[in-house]
Amino acid sequence: MVPNQMAAIDSIPKLCLHLISSAIQRCRMSEDICRLSVALKRFPVSDPPVIGISISDTGVGSCLEEYKDLRYSRDCPSFEKWDGELSVTTTSIGDSEIYYYHLNLKESVPTNRLTALPSKSKNGAKFCGTEISLSTFERMDDLQAEITHFFQKVLILKISNVAVELVIEPGDILGSQYGNFIQSNECNRLPSPMSNIECLKSGLEDFVYKHGNSLNEKCFSCFPNRREHLKVGSGLACHAESQRSTEQVMEAVIMISEASEPSSSCSSACGPKTEVLCFYDFSPCAISQSSMNALISINWKNYGLTLRSIVDQNGSALLEWEDLPTYAHIDIAIMIPSEKRKAELDRNLIKKAVTLALDDLKARYTGLLLSAHALKICSYAHDLARSITGLILSSSDSDFQKECLSLFGLQSQEVEGGTIEGRIKEKIISVIEINDRKPQRSREAPCFLLDNDCIQEQDLQEEEYKGEEALNLFHQ
């Protein structure tokens, strides 16, 4: 479920996340640096305690159209925990007044839902912003957990002009406890301008290093070396209905991290489960059924991955893998275009973007994401290299030996069994990896071991190429 395309909201936390998403859009529309602040305040004098919620931003003023389609489900468990009322305060930079509204989402008559209250003069001041407040009997801890997790995802986007803040006022403790979710303008310190996908890559990298943005700094105990412990791939799928229509772009980033042996406090940094992070219009969103179908339809085994299960967990896709290395973890982020699309198009774009990201990973990092079939062939490389080495060294023809060695880039003075065997094994594995990077349906006959170019004999129409073909490495 995504902003502006939503059914009735069925909980107070989801209502808050929707209002925060709207605030993010208002900030993005502003040309200035904006602050988005969420405050939770407990009033312990009542039983149960009332929680006051305030969501404020310094972006462009709120448009009342934002609330036209907002509905709160009467069937939700928390229906009785809230009176359905929202207080809205807003002004735009060009307004001379601050406007106040009262919105009742439980009102069944649409024309009676919104009430305009007396406005207040700005006395010539130039500023803009919006504040929305409500009260509920929800548990403070539940609200804090939901909003914290949401902000941790928002930080992935590295929105350059938005700083976010979560303030907790327990009510029964002197002073306020401030959350550490302040986003500096990090994108301004990176190569500028950055594309959306580059920001997504940089943000997801920080998300992984900081264990889901639960830390202020990178965890050096788990990731002492970036190049060794983090591998990144990205994919971008485009579609346009016609030459005149706006091109729709689906972006995906996949990161594979392999931490050093983590301490008990960092055990969540690795594991066989992946939460797919979905973003719509620069806000975290729930995953759609068409997106779930897209993830299911990907042939993960082509990349050496076995998907054990995929479940929709409170609007998030949770993938569970089989046989993932002990300290490895896979993170996936998808940026969904804001244009309305058919479900089938949505599914195809996501599948293509994620597949391209997997292909990018495979192309960038030698030996990564090899298919199960390629790994099986690689297991024979050692024996094959030893046999070829034995043939070369068993010859008494020095010219023959010299010619064979030169084909592998070795000099005659380097005639040592281990050196030759290792070089031949590298060549065999390189050929297998090159062929495995090609899309299944476009794979040609495998490269010859002693040639720099691949010789095309015929297109392979089979879904899996045979091991015998992959081992046809020498000229006959």
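**Close-up views of a predicted model**

**View 1. I332 is buried, with a relative accessible area of 0%.** Buried here denotes under 20% relative accessible area, exposed over 50%, and partly exposed the range in between, for a 1.4 Å probe and protein chains only. The model is predicted, so local features need pLDDT of at least 70 and side-chain atom pairs count only at pLDDT 80 or more, whereas totals for chains, interfaces and linings use all residues. Residues are numbered from 1 along each chain as its sequence is written, and side-chain values use heavy atoms, with hydrogens and water left out. I332 belongs to strand β15 (residues 328-336); strands (E, at least two residues) and helices (H or I, at least four) are DSSP runs numbered from the N terminus. The C-alpha atoms of I332 and V253 are 5.8 Å apart, although 79 residues separate the two along the chain. Neighbours within four places in sequence aside, I332 is in contact with V253, I254, T274, E275, V276, L277, W300 and L319, where contact means heavy atoms within 4.5 Å.

**View 2. The rings of W300 and W321 form an edge-to-face pair.** Rings of Phe, Tyr and Trp (its six-membered ring) pair if their centres lie within 6.5 Å; planes under 30 degrees apart are stacked, over 60 edge-to-face, and the rest tilted. One aromatic pair is counted by this rule. The ring centres of W300 and W321 are 5.0 Å apart and the planes stand at 75 degrees. W300 lies in the loop between α5 (289-297) and β13 (306-313) and W321 in strand β14 (residues 316-322), so the pair ties together parts that are 21 residues apart in sequence. W300 is buried at 4% relative accessible area, and W321 is likewise buried, at 2%.

**View 3. Helices α1 (residues 12-28) and α2 (residues 140-154) cross at roughly 30 degrees, with axes that come within 10 Å.** Axes are lines fitted to C-alpha atoms over the stretch in contact, and angles run from 0 to 180 degrees between N-to-C directions. The crossing is right-handed, that is, the near helix is turned clockwise from the far one by less than a right angle. Helix α1 contributes I12, P13, C16, L17, I20, S21 and I24 to the contact, and helix α2 contributes L143, E146, I147, F150, F151 and V154.

**View 4. R28 lies over the face of F282.** The distance of R28 from the ring centre is 3.7 Å; a charge sits over a ring if NZ of Lys or CZ of Arg is within 6 Å of the ring centre and within 35 degrees of the ring normal. F282 is in the loop between β11 (273-280) and β12 (283-284). Phi of F282 is near 65 degrees, a positive value in a residue other than glycine. With 16% relative accessibility, F282 counts as buried.

**View 5. K158 has a positive phi, near 50 degrees, in a residue other than glycine.** K158 is placed in the loop between α2 and β7 (162-169). Its relative accessibility is 4%, so K158 counts as buried.

**View 6. L356, in helix α6 (residues 343-364), is partly exposed, with a relative accessible area of 31%.** Leaving aside neighbours within four places in sequence, L356 is in contact with S234, G235 and L236.
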